[in-house]
Amino acid sequence: MFSERWICFCCPQTYKIQRSIAPLEQPQSRPPSKTRGKKKSDITLAAVIIIQSWFRRRQALFEIRRKAAWTIYQNIEYAGEQDQLKLYNFFLDLMQAVSKNPRDALVIAKVLRRTSSLSSTAEELDLLQTTAPETVNIESSYKGQHIQLPITKGHLESLVGAFQRGETLHARYVLLILHEVRRILKRLPNVNVVSTYQSTCVTVVGDLHGNLSDLLLIFHKNGLPSNENPYIFNGDIVDRGTQSMEIFILISVAFIIYPNNVYFNRGNHEDHVLNLRYGFMKEIIKKYKSQSTKIFHLFENIYSWLPIASLIDDRIFVTHGGISDITDLNKINRIQRNKYVSILSPTFVIPENEEQCQIKDLTNEQLLEWRQMLDLLWSDPKQGNGCEPNTYRGGGCYWGPDVTNQILEKHNWTLLIRSHECKEEGFDYCHDKKVLTIFSASNYYAAGSNRGAYVRISTNQPPSIVQFMGTKHTVKPLTIWERVSYVEEQALRNLLEKFSANKSRLMKEFRLKDPHQAGCIALNEWCEIVTQVLELQLPWRTLKSRLVDIDSNGLILYESTFRSQELQCVLNSPVLNRRQSFCQAIYRNKDLLEAVFRAMDKDNSGVISLQEFTDVCVFLGNHNGTKFDEKQIIDLATSIDLDKNGVIDFNEFLEAFRIVDIGDHNHDHS
Amino acid sequence: MATSTDATGAVPDQENRVTLRDPIRESEERANQARIKRLTDAFNVFDQESNNTIPSTELGTVIRSLGLVPTEGELQDILSEMSDDSNPDSIHLERFLNVMNMILKDRRYQGEPESKILRAFQVLDTQNNGYLTEEEFRNYLCKEGEPFNEEEFQDFMTIALDDETNHKCTYKDFVQHLVVEEND
């Protein structure tokens, strides 16, 4: 029943070495006089193995906690992306519904894309004029870097220094650099052709997500980009972090100086629809205030000109998300990529002018072309064979090892490098080492959650991966134990926020399972309810002891989750029950509402003007079949504009939804 | 159950006899269900794609995270019992549950009581100092038994040392750290 080492201290002779153990350097037979010595060494061996085994157990207990924390982050992250796509689909549905009336479609197209009804030449001219650097004057108080054409290596070096010191580059120079980038990008094919013949190597960098310190760390370790040191930036440069602008500028400057040795691949976040929600737009507004509309407008256009993949030496295919069973290089090369201002809102559903409304005439070929793009930017690999829609993210697909083999063979490629997914080690091989994931933002979910990595590809050599971890927030490096605890704490905090945001629904379900109001339910019931209500598949049993109190019979005291101090803060404790549920609803949908708000705020002023509000009302009204007259709209806007300053800010907007939510709430109970 | 109290006192018919409760079997069944749930949950943490498989390399972590204390050698035995020759790199949930359920039921790999672990440290502490140094640990743990690799050793030292300056481990306290329970 017990393992043999159990009795090792009293009779060490019975201890048998297991086969995986390194053989002991002991002679097979010993003279009888040395029996004493042998016995002693066996006791030592047994003692060593006990300590080793117990330590490995202790480590595993930590590992599972870390893994659970990781799962929380991923689930919450993807749930967010899904929400954004749902919102997008909602707008798309609305557009489809009103396709009979091109004028309405145009309004919503404006809301979504901020595009004009001009022809493409006129649009180009308009963009060049409205976003020209000359339209922005430099204040005499500006103390930052100055940039003049032509852009040189000196600019790159001085900008690295300036950004390290926390300086912001002036809007005028941002526009100057972006226009230069755009000019070069427009000449490029959809798939960058990269050769290591001259430089002997190329470095591929994955998602950076606004994490400037990681880019600087990579430049520090691997050298600045140059003709001898080429780089491919594999998408998702922007969003989430707070320094997307600085990263984009540094890469752009390098790209302008070495256009043949710095390559951009577009990521799924190089899309203004995602920027609305994931922070880049907020960052631009914060840093560039009145100039932000111009900058954002130009970014939208630049995204559409970014190449969508790179091919190294005809054998390694590099793209942000991955492939699907329809991926075909010839078809990709034929795509007119700038049609896809947003990968999520392809131009073909948006009329170029009022007479040409094409939503209804969407052909199969157009859809297939769109999917070529969508799958490259949004897909994730899976272990099992086949190809299926990516339900987790809501866009792109999951592809299996059979698809990898099929597509690599078809094109005669040997390796696929992609990014798009955060990996604990910064990289991950799958599909028989034919797919390599590279993720370059370290500490992505929380300090210590993951390493970043980049990969160097040299001619005829296996890829060489370099890992790193930024430590700017910590004085001394954290030990693994401290890291796990910290990451876990952050993850649990996120999770507790979800609990608080859904308190009423959770409590309702808990009470249904607890008819006698004993305050406790079985573990199974608790797990099922939280999985259902929060729509998160998590290892609840593993997490339970850190989320909720458990009584001596193993029953879950379900109310204890909401008693913690942190939650009291989130919920502003002593408010009325009714009010609480509104707070929760608002809190639950805050991200979503913020995206709607940003979409309505066409000029990115941070407030919605009466005109912007009217546009949306007219559109929504037509969709519902209820026409608002002008007075009604003005009344509505005024009622939302609580401080009566003529514009609606985000707080007022949230307040308005709270009022709407009261209606919904009552409706639920009637 | 109402039908069994028949007024005529007749012997309950076949159908009713089947419904008679067997408390021992029921409690066994409950324990069995609880074990399966616990095992499935631990397994799922590592089942990244929700396809009921985990990589073989994660088996040790899953088993140890259940609080069990197998040696590396014993782990190999468990692995060979579970693995499927046609797919040696991954472990299927079904085989995992079968093997692990028996292990939990028979209370195997429960590990030594605290006193024995303390004794193990005392064996290594030949001078009877009450502490062991980093050097001593390295000699024993990285060279003998089922040796630690460098990473494991570094992790071990970060929790073993009393503080960063003296490079000693007063093992009596350290034993407390080692025997933490699951989910503490």
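Biologist: Which residue caps the N-terminal end of α8(B)?
Modeller: This is a predicted model. A side-chain oxygen lies 3.1 Å from the backbone nitrogen of E151(B).

Biologist: Which residue of chain A meets E152(B) in a salt bridge?
Modeller: Between chain B and chain A the count is 1 salt bridge. With an N to O distance of 2.9 Å, the side chain of E152(B) meets that of R56(A).

Biologist: How many residue pairs are in polar contact across the interface of chain B and chain A?
Modeller: The rule asks for N or O atoms within 3.5 Å. With both residues at pLDDT 80 or more, the number of pairs found across the interface of chain B and chain A is 10.

Biologist: Which helix supplies the largest share of the side of chain B that touches chain A?
Modeller: At least two residues each come from α2 (23–46), α3 (59–65), α4 (72–82), α6 (114–124), α7 (134–141), α8 (150–160) and α9 (171–178) of chain B. The largest share is 7 residues, and it comes from α6(B).

Biologist: How many charged residues has the side of chain B that touches chain A?
Modeller: In contact are 59 residues of chain B and 50 residues of chain A. By class, the side of chain B has 21 nonpolar and 17 polar residues, and the number of charged ones is 21.

Biologist: What area do chain B and chain A bury between them?
Modeller: The size of an interface is often given as the accessible area lost when the parts come together. For chain B and chain A, 59% of that area is on carbon and sulfur atoms. The total is about 5300 Å².

Biologist: What pattern does chain B follow along the sequence?
Modeller: Chain B has 9 helices and 4 strands. Of its 184 residues, 41% count as buried. Read along the sequence, the elements give α-α-β-α-α-β-α-α-β-α-α-β-α.

Biologist: Among contacts in chain A between residues at least 6 apart in sequence, what percentage join residues at least 24 apart?
Modeller: Chain A comes to 22 helices and 19 strands, and 55% of its 670 residues count as buried. In chain B, the share of such contacts that join residues at least 24 apart is 55%. In chain A it is 72%.

Biologist: Is L224(A) buried, partly exposed or exposed?
Modeller: L224(A) is found in the loop between α6 (212–222) and β3 (231–233) of chain A. It touches L156(A), E157(A), V160(A), F219(A), N229(A) and Y231(A), not counting residues up to four places away in sequence. The C-alpha atom of L224(A) is 8.9 Å from that of L156(A), a residue 68 places away along the chain. Because its relative accessible area is 28%, L224(A) is partly exposed.

Biologist: Which residue in the hairpin of β11(A) and β12(A) takes a positive phi near 50 degrees?
Modeller: Strands β11 (427–430) and β12 (435–438) of chain A pair in the antiparallel sense over 4 bridges, and D428(A) stands opposite T437(A). The hairpin has 4 residues between the strands, and the one with the positive phi is H431(A).

Biologist: Which residue stands opposite E388(A) in β9(A)?
Modeller: An open sheet of 3 strands has the order β7-β9-β8 (chain A), with mixed pairing. Its edge strands are β7 (380–381) and β8 (387–389) of chain A. β8(A) and β9(A) (397–399) are antiparallel over 3 bridges, and the residue opposite E388(A) is Y398(A).

Biologist: Why is one side of β15(A) and of β16(A) left without a neighbour in the sheet?
Modeller: The antiparallel open sheet has the order β15-β17-β16 (chain A). β15 (520–521) and β16 (549–550) stand at its edges, so one side of each has no neighbour, and the reason is a single partner strand.

Biologist: Which residue of β17(A) stands opposite I521(A)?
Modeller: β15(A) and β17 (556–557) of chain A run antiparallel and are joined by 2 bridges. Opposite I521(A) stands I556(A).

How values were computed
Residues are numbered from 1 along each chain as its sequence is written. Chains are lettered from A and ligands numbered from 1 in the order in which they are written. This is a predicted model: local features need pLDDT of at least 70, side-chain atom pairs count only at pLDDT 80 or more; totals for chains, interfaces and linings use all residues. Side-chain values use heavy atoms; hydrogens and water are left out. Contact means heavy atoms within 4.5 Å. Buried area is the accessible area (1.4 Å probe) that two parts lose on being put together, summed over both. A salt bridge is a side-chain nitrogen of Lys or Arg within 4 Å of a carboxyl oxygen of Asp or Glu. A polar contact is a pair of N or O atoms within 3.5 Å; within protein, one must be able to donate a hydrogen and the other to accept it, and residues adjacent in sequence count only if both atoms are side-chain atoms. Ala, Val, Leu, Ile, Met, Phe, Trp, Tyr, Cys and Pro count as nonpolar, Asp, Glu, Lys and Arg as charged, and the others, Gly among them, as polar. Two strands pair if DSSP finds at least two bridges between them. Buried means under 20% relative accessible area, exposed over 50%, partly exposed in between (1.4 Å probe, protein chains only).
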